[in-house]
Amino acid sequence: MPRSQRPLPREWLITDERLGDLRGTIRRLRPGTGVLVRQHELARPERQRLLRYLRQRAGQRRLTVVAEADGRTARVHDARELRGALLRQARLIFLSPMHATRTHPGWSPLPRMKAAALLRLSPVPLLALGGMNHRRFLAVRPLGFAGWAAIDAWLKPVARKAR
């Protein structure tokens, strides 16, 4: 199936230095998951190596890999930013924050009705971002979200100490 006809993945991993070595994380992703590479802290050659590695794995794992640096993605928080993303013809738009998140600790989550209004304004499917995981996506999916994205949801689970 040509890339332009593939359905938009419902789940997205957003790369981050906290994920550490991505090989284990990539192995845990379900086939059909999207990966947004946003490694701004990486030098260009390092970022290119990461993209090459991910694209090699993408074929094996049926992953969709998108580089944020290509300018076709946007993270929006209000109607003004959504309008800007649509004018730039962003193809992948993340609406944030849906829940409290460690990445932006001082930000208040979007009220559900504001998120619903922004979803209705957009001709492009929006993805929920900010403190998201599969369970939380099921709660906001009825608003009209096409999927969800996260960093922390993909971190390797840490074994809890027995009490």
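Helices (H or I, at least four residues) and strands (E, at least two) are DSSP runs, numbered from the N terminus. The model on screen is predicted: local features need pLDDT of at least 70, side-chain atom pairs count only at pLDDT 80 or more, and totals for chains, interfaces and linings use all residues. Residues are numbered from 1 along each chain as its sequence is written, and side-chain values use heavy atoms, with hydrogens and water left out.

**Stop 1: the sheet.** Select the strands. Seven of them form an open, parallel sheet in the order β3-β2-β1-β7-β6-β5-β4. Strands count as paired if DSSP finds at least two bridges between them. Now pick out β3 (64-67) and β4 (73-76): each has a single partner strand, so one side of each lacks a neighbour in the sheet. Direction ignored, neighbouring strands are turned by 25 degrees against each other on average.

Stop 2: Select residues 126-129 and 147-150. These are β6 and β7, paired in the parallel sense over three bridges. Zoom in on A128; its bridge partner in β7 is W148.

**Stop 3: the helices.** Show residues 79-87, helix α3. This helix packs on the sheet and touches β4, β5 (92-95) and β6; contact means heavy atoms within 4.5 Å. The direction of α3 makes about 170 degrees with that of β4. Axes are lines fitted to C-alpha atoms, for helices over the stretch in contact, and angles run from 0 to 180 degrees between N-to-C directions. Next, select α2 (residues 44-61). It lies across β2 (34-37) and β3, running at about 160 degrees to β3.

**Stop 4: two rings.** The structure holds two aromatic pairs. Rings of Phe, Tyr and Trp (its six-membered ring) pair if their centres lie within 6.5 Å; planes under 30 degrees apart count as stacked, over 60 as edge-to-face and the rest as tilted. Select W12 and F94. Their ring centres are 6.3 Å apart and the planes stand at 85 degrees, so this pair is edge-to-face. W12 is in β1 (residues 11-14) and F94 in β5, 82 residues apart in the chain.

**Stop 5: backbone exceptions.** Most residues other than glycine have a negative phi, and most peptide bonds are trans. Go to P97, in the loop between β5 and α4 (112-121). The peptide bond from S96 to P97 is cis, with omega near -10 degrees. Finish at R62, in the loop between α2 and β3. Its phi is positive, near 55 degrees.
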